[in-house]
Number of protein chains: 2
Amino acid sequence: MTTGLAQAELIAVLAAVTGDAPRVMTVAAGEALPSGPFTSSHRSLQAGLRDWIESQTGHPVGFLEQLYTFADRDRGPDRGSDRGDAGAEADLRRISISYLGLVREQAAPGAGRPEWHGWYEYLPWEDHRAGLPPGWQPMVTALNLWAGEDAGRQQRVAYAFGLQGQAWNEDLVLSRYELLYEAGLVEESGGLSGAGRAMQGDHRRILATGIARLRAKIKYRPVAFELMPESFTFLQLQRLVEALIGLRLHKSNFRRQIDQQELIEETGETTAESRGRPAMLFRYRPAVLEARALAGTRLPVTRG
Amino acid sequence: MTTGLAQAELIAVLAAVTGDAPRVMTVAAGEALPSGPFTSSHRSLQAGLRDWIESQTGHPVGFLEQLYTFADRDRGPDRGSDRGDAGAEADLRRISISYLGLVREQAAPGAGRPEWHGWYEYLPWEDHRAGLPPGWQPMVTALNLWAGEDAGRQQRVAYAFGLQGQAWNEDLVLSRYELLYEAGLVEESGGLSGAGRAMQGDHRRILATGIARLRAKIKYRPVAFELMPESFTFLQLQRLVEALIGLRLHKSNFRRQIDQQELIEETGETTAESRGRPAMLFRYRPAVLEARALAGTRLPVTRG
DNA sequence: ATATATATGCTCAATGTGAGTATATTGATA
DNA sequence: TATCAATATACTCACATTGAGCATATATAT
């Protein structure tokens, strides 16, 4: 009872982008994230997961980062209350350690026949590239109905979904999923279908955690390049970032920002894929990565 | 062998600030971070840890956030190699889930007689408030010696410690500890004493992880108030932030920044603690917290 | 009264950001 | 072949933010 014994499991949010569609690797016909027991034959958490992913996808994982560790009856960061989906009453807890991984392509499925599905099948309210996503109005109406006269709920909804003068904040992926969960508007919490495709257990919450992390990270670390091919045009890079954050970017300002960070350099070649003027091809400069990352201090320190 | 059974343990980095000294709660005469098994009597990871901390410190924990989950033979985010400190060859892995918690004061020790020690006893190279910290020159010399002709090592050292024209980045706490570890300059990796006080196992690495998280977080979330008393002066707030990040701040620019975020409001009273003009007292405005946090987008989205 | 110490407010140059416009270079088409 | 449509790249400009320092206000100590 007090031994602290638990069953350990690894869960991966594996992301890739094809064209302008961000994708996630799934199993069980798109209903679950890939996962497996953490066995003692693995050298480490990272190494165990890396081996497993590479055997499944046939591609190396460039970027792999721990997301969050959940325990039974404690799914989701700031939840004190039980959700009742814990299962049997054994004195064995299950501990799930989730990871975010980025892979460059998603061809060559391995033994497990993984499937790639678009993020926004599961979280359609997160894609604002073409204006308000489908199903937006009914969802907002239902959220407001749930909030009722409760000022706290009203504020949380307005903040998370960018209503009532608040700006849309693309990073709040997890907050939004949790609000929808709490409001009973997703299947996982007993809601009717409609608000995106459901997943087993809390896998959709873990997907939301991964997307939130990636959207936050892309602002101060050049993770986008982990998803890009060797050489690429400016527009391809822009489309990829837009796919991840679910928003359109200002073209020339995006170019300027990338330019002045000196993250990329011309290859010398051009593409003639498109109709108009051919675009220059660029490659990533990894040497600069370590040197410039995390430049944003935001605190008024005294210099000199 | 492949069951995924493991022993689960919770480890806490509990921080408080008294005056201008940031502190961490320790056990074992200041040689270890508080930890304990995660038992099935706990409702959840968060709740279990929260209960335990409050019984130990006698104070409620305002802020509690998961840091990182380690497994035996995998201590530290990006390490593939074993460190050989794993212990017995049982097929039971130990999994340590670490948390960062912030408490407002550190009086009233509970049953376990915890001790509070200054952060910078353990990581003296992190405190740059009074210029270069003691032991800086010998440490840099030893690092350069370790780097030798290896350009990669040289670059990592220069970047992490702000040498050769690079600016000091207070967030890179973990990178610095890991470099010192790798270079054999801390006791935990066989180095002689001198570079700060050691801790058991990898507790000092976990402390570094917690400080790094806090220093990064303070830039975009008002976590400082979790450590402040009810009412405070501007200078007290500044001193606290300075203690956390280990740097001096520009007085009026700091005031301006806090001002325009509308995070605090006057209480109407003043203090006459000091010699000169009495300072106005302020209180934190928690209502605004949710509404304004995470304003920094950093990506050039198209508006309208 | 005067010096000293701290608090609070103001200015200004430099830099960064949001938004839009202008020019260049291609393929398609009349 | 002249023109159009489409895309790429470059430039401008107002405005906000930031880094740095100076000025003023109000207390205590002598």
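**Salt bridges and their surroundings**

A: R239(B) and E242(B) stand three residues apart, about one turn of the helix, and both belong to helix 7 (residues 234–245) of chain B, where helices are DSSP runs of H or I with at least four residues, strands are runs of E with at least two, and both are numbered from the N terminus. This is a predicted model, in which local features need pLDDT of at least 70 and side-chain atom pairs count only at pLDDT 80 or more, while totals for chains, interfaces and linings use all residues. Residues are numbered from 1 along each chain as its sequence is written, chains are lettered from A and ligands numbered from 1 in the order in which they are written, and side-chain values use heavy atoms, with hydrogens and water left out.

R239(B) is partly exposed at 30% relative accessibility, whereas E242(B), at 1%, is buried (buried is under 20% relative accessible area, exposed over 50%, partly exposed in between, with a 1.4 Å probe and protein chains only). In chain A, salt bridges with shared partners join E31(A), E121(A) and R197(A) into one network.

Over all chains the count of salt bridges is 34. One of them connects the side chains of E121(B) and R197(B), with 3.4 Å from N to O. Because E121(B) belongs to helix 2 (residues 119–122) of chain B and R197(B) to the loop between helix 5 (173–182) and helix 6 (203–217) of chain B, this pair ties together parts that are 76 residues apart in sequence. E121(B) is partly exposed at 36% relative accessibility, and R197(B) is also partly exposed, at 26%.

A further salt bridge joins E170(B) to K219(B), with the closest N and O atoms 2.8 Å apart. Here too distant parts of the chain are linked, since E170(B) is in the loop between helix 4 (151–161) and helix 5 of chain B and K219(B) is in the loop between helix 6 and strand 7 (231–232) of chain B, 49 residues apart. E170(B) is buried at a relative accessible area of 2%, and K219(B) is buried at 14%.

Strand 8 and strand 9 (residues 279–284) of chain B pair in the antiparallel sense over five bridges, and E266(B) stands opposite F282(B) of strand 9.

As a nonpolar counterpart, the largest nonpolar core has 176 residues, of which W125(A), F161(A), W125(B) and F161(B) touch the most other members; such a core is a set of buried Ala, Val, Leu, Ile, Met, Phe, Trp, Tyr and Cys residues joined through side-chain atoms within 4.5 Å. Neighbours within four places in sequence aside, W125(A) has contacts (heavy atoms within 4.5 Å) that include W136(A), F161(A), W168(A) and R204(A). Chain A has nine helices and nine strands, and 53% of its 304 residues count as buried.

Note on methods:
Salt bridge = Lys/Arg side-chain N within 4 Å of Asp/Glu carboxyl O. Pairing = 2+ DSSP bridges.
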